[in-house]
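Please read them with the structure open.

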Amino acid sequence: MFKNISGAEAVIRCLIEEDVDVLFGYPGGAIMPVYDELYKFQDQLHHILTRHEQGATHAAQGYARSSGKVGVAIATSGPGATNLVTGIADAQIDSTPVVCITGQVSSNLLGSDAFQETDIIGISTPVTKWNYQITKASEISEIFAKAFYIAKSGRPGPVLIDITKDAQFEMLNSFEYQKCKKIRSYFSVPETDPESLKKAAELINEAKKPFIVWGQGVILGNAESEFLNFIEKTGIPAAWTILGLSAIPTDHPLNVGMVGMHGNYGPNVLTNECDLLIAVGMRFDDRVTGNLNSYAKQAKIIHFEIDPAEVNKNVAVDVPVLGNVKNTLHAIMPFLNKKNHTDWVSKFSEYYAVEFEKVIDGEYNKNDGGLSMAEVIRVINDNTNGESILVTDVGQHQMVACRYTKFNLSKSNITSGGLGTMGFALPAAFGAKIGDPKREVIAVIGDGGFQMTIQELGTIYQSKAAVKIVILNNNFLGMVRQWQQMFFDKRYASTEMVNPDFVTIAKGYFIKAKKVEKREKLNEEIREMIEHKGPYLLEVVIEKEDNVFPMIPSGSSVSDVRLE
Amino acid sequence: MKKTNYTISIYTENNVGLLNRISAIFLKRHINIRSITSSESEISNIYRFIIVVKVDDDKIVKLVKQIEKQIEVIAAFYHTDKETIFLETALYKVKSKSLFNEREIQNIIKESRANIVTVKPEYFVIEKTGWREETEELYKKLKKHGLLQFVRSGRISVSKKSMEITKFLKSNKDE
């Protein structure tokens with residue numbers, strides 16, 4: 001218990017109690033009392049000054065996803081708060097545990113259009129798991145405890161706490177902190193119906209052509225080993241959504257690749273041939289399912305899911321299994337027969353062979369003409385042994401990097417999946433590095449997205465976060481250009497970019513940087529980048545008009561996946 | 001898809017901003033709220049919202065799950081009109097002159113089983129509680145004689161089957 005402390009100090013004490021060691025943010029008028037306390041507590045709480053508040057939320061997301069802890073972002077009222085919103089929305093749709101703290105004008109000024117007043121509670125409501133405005137210092141301890149509990153428990157998500165300036169100044173006679181373990185109106189993890197486990201097991205044991213699609217629920221539930229046991233006992237081929245990537249090693253014989261718009265050929269086509277589809281911790285996003293009217297209609301469907309609102313939302317399921325997949329996948333094991341589905345698994349290999357010949361070989365093992373994005377990823381693979389963290393932005397490079405990067409460790413793929421936020425990667429990358437400093441973090445970013453948060457190079461320089469940045473530069477907003485080529489008769493409206501010299505810009509921030517245009521130099525330059533101790537930027541000039549295939553055109557069926 | 005009138009009952013904590021959070025769920029799905037009322041429920045400090053919407057039959061379950069997912073929502077239920085007992089209250093403000101001058105008004109009030117709430121020299125106020133059709137019928141009849149003001153409440157409703165809200169509160173055990 002502490003006596004006679006200010007609300008601002010109470011905020012700091014709450015963060016320390018929640019084992020927060022780093023926060024990402026940007027100061028300003030309405031949050032200054034908290035920053036004043038941060039100054040006094042800098043030996044316990046490390047503050048990373050981003051160059052824009054959007055960078056603070058993305059960094060907090062990167063931190064949360066590499067460390068498994070709650071990421072914290074802090075900003076002032078008004079524009080500081082509104083600048084956080086894109087990152088909050090991204091965290092909401094990708095279930096990332098983040099606590100955002102915003103300053104607010106004094107409570108007597110609320111509603112008066114005071115300087116830098118904005119209704120951030122109203123603005124953030126649809127994109128937060130929970131939010132709350134503190135107007136009295138006495139509320140701080142309880143609200144922070146709830147915020148961290150809500151952000152991390154059940155299906156994780158972002159929480160925003162808005163604190164009026166007078167509450168930060170207000171003195172508390174005494175301050176005590178108790179972690180929150182329960183909220184009476186909130187059921188973080190739904191109860192599992194034992195019958196559902198038995199029914200699911202029956203379907204799994206009977207199935208001739210079962211197929212698993214797993215999502216981020218496996219990673220968020222720390223259920224990687226339960227999931228491996230599950231697929232290995234049942235012998236069922238398993239494919240990942242973009243956020244499920246890295247939960248099991250790339251080279252596992254039952255890992256058959258990615259589903260969805262730019263997923264692998266086999267998993268997409270065979271979605272419409274399996275007799276049982278087992279969804280594990282995923283939410284049937286439209287980029288995964290394509291046209292719902294022709295999605296897995298022939299199959300029975302089992303859905304292992306923590307969020308009851310996701311069950312039967314997009315796809316009607318036969319057997320929902322509610323609960324944390326760590327528990328449900330463990331609990332179902334005794335009911336499952338040991339099996340293998342050799343013939344069925346080999347069908348995926350057959351489709352892979354077709355995809356390899358028509359798509360993969362030409363770009364992954366390219367040896368003439370301009371550089372391809374895929375071969376850059378191949379060379380990165382050759383130099384990282386599947387042990388680095390991949391952070392990607394949004395667009396063609398993201399699809400290629402996720403398709404081809406080899407992973408041996410979980411929590412290694414950090415990308416903006418649901419929201420598709422360009423500008424995510426650079427701040428998320430140093431957040432990820434700070435969240436797990438021992439691991440190599442490689443950010444693969446397009447030339448478009450890089451320029452959306454390019455100022456965060458300043459944060460990287462100041463914080464000395466040893467992030468490796470690979471810009472795949474085709475001087476185009478490549479994904480939009482691909483759609484223009486395929487669906488808008490090549491009318492390239494506002495997608496060609498006249499870019500600055502990225503190397504010069506990086507050098508302006510005192511970050512070591514190089515540019516590579518030739519195939520013969522690629523391996524050497526990437527090795528140099530990885531061996532470098534500090535942050536490093538490598539610009540790779542790639543073929544201007546490459547397309548990403550396979551592709552399920554928007555609104556088409558998964559079985560109509562195109563290879564060219 | 002068939003659209004049906006549903007009454008959604010939402011039990012919540014008593015917090016600032018919760019109405020905004022609930023209405024945002026309808027906004028995001030472009031669903032118009034037909035009526036909404038809120039008051040303290042049978043349990044002290046737990047509030048109950050009654051929201052009436054007309055939506056596709058396959059949407060209502062998803063909608064209610066999204067509402068229930070909100071942290072401070074304890075439980076949410078939905079019912080068709082047949083599954084609830086519901087009423088609305090309407091107030092009609094009429095010039096006193098017309099009450100005394102036109103005998104028909106007195107008959108209308110009697111027949112509709114409306115109550116006279118207050119009578120002043122300039123105006124009087126009639127209250128009618130019932131189904132929408134009933135308050136609407138009275139509105140149409142009185143309108144001919146000149147209404148100074150008319151207001152109708154949102155629907156209030158109780159379900160025929162029990163909504164075991166206390167069960168929800170008790171079952172949320174420590175983790």
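The points below cover the model's basis, chain A, its sheet and helices, and then chain B.

1. This is a predicted model, in which local features need pLDDT of at least 70, side-chain atom pairs count only at pLDDT 80 or more, and totals for chains, interfaces and linings use all residues. Residues are numbered from 1 along each chain as its sequence is written, while chains are lettered from A and ligands numbered from 1 in the order in which they are written.

2. Chain A has 23 helices and 20 strands; helices (H or I, at least four residues) and strands (E, at least two) are DSSP runs, numbered from the N terminus. Its radius of gyration is 24 Å, close to the 24 Å given by the globule rule for 564 residues, so chain A is as compact as a globular protein of that length. The radius is taken over C-alpha atoms, and the rule is 2.2 Å times the number of residues to the power 0.38. The C-alpha trace of chain A spans about 70 × 60 × 40 Å along its principal axes.

3. Six strands of chain A form an open sheet with parallel pairing, in the order β11-β10-β9-β12-β13-β14. Two strands pair if DSSP finds at least two bridges between them. β11 (255-258) and β14 (319-322) of chain A are the edge strands, each pairing on one side only. From one strand to the next the twist averages 20°.

4. A:W240 has A:M258 of β11(A) as its bridge partner.

5. Helix α9 (residues 194-206) of chain A lies across β9 (210-214), β12 (276-280), β13 (300-305) and β14 of chain A, and runs at about 130° to β14(A). Axes are lines fitted to C-alpha atoms, for helices over the stretch in contact, and angles run from 0 to 180 degrees between N-to-C directions.

6. Helices α11 (residues 224-234) and α14 (residues 325-332) of chain A pack at an angle of about 30°, their axes 9 Å apart. The contact is made by A:E226, A:F227 and A:F230 of α11(A) and A:K326, A:L329 and A:H330 of α14(A). Contact requires C-beta atoms, placed from the backbone, within 7 Å.

7. Between the chains, 18 residues of chain A are in contact with 18 residues of chain B.

8. An automatic or database assignment supplies the domain bounds. For chain B it gives domain 1 (3-85 + 156-171) and domain 2 (86-152), with C-alpha centres 31 Å apart.

Conventions:
Two residues are in contact if their C-beta atoms, placed from the backbone, lie within 7 Å.
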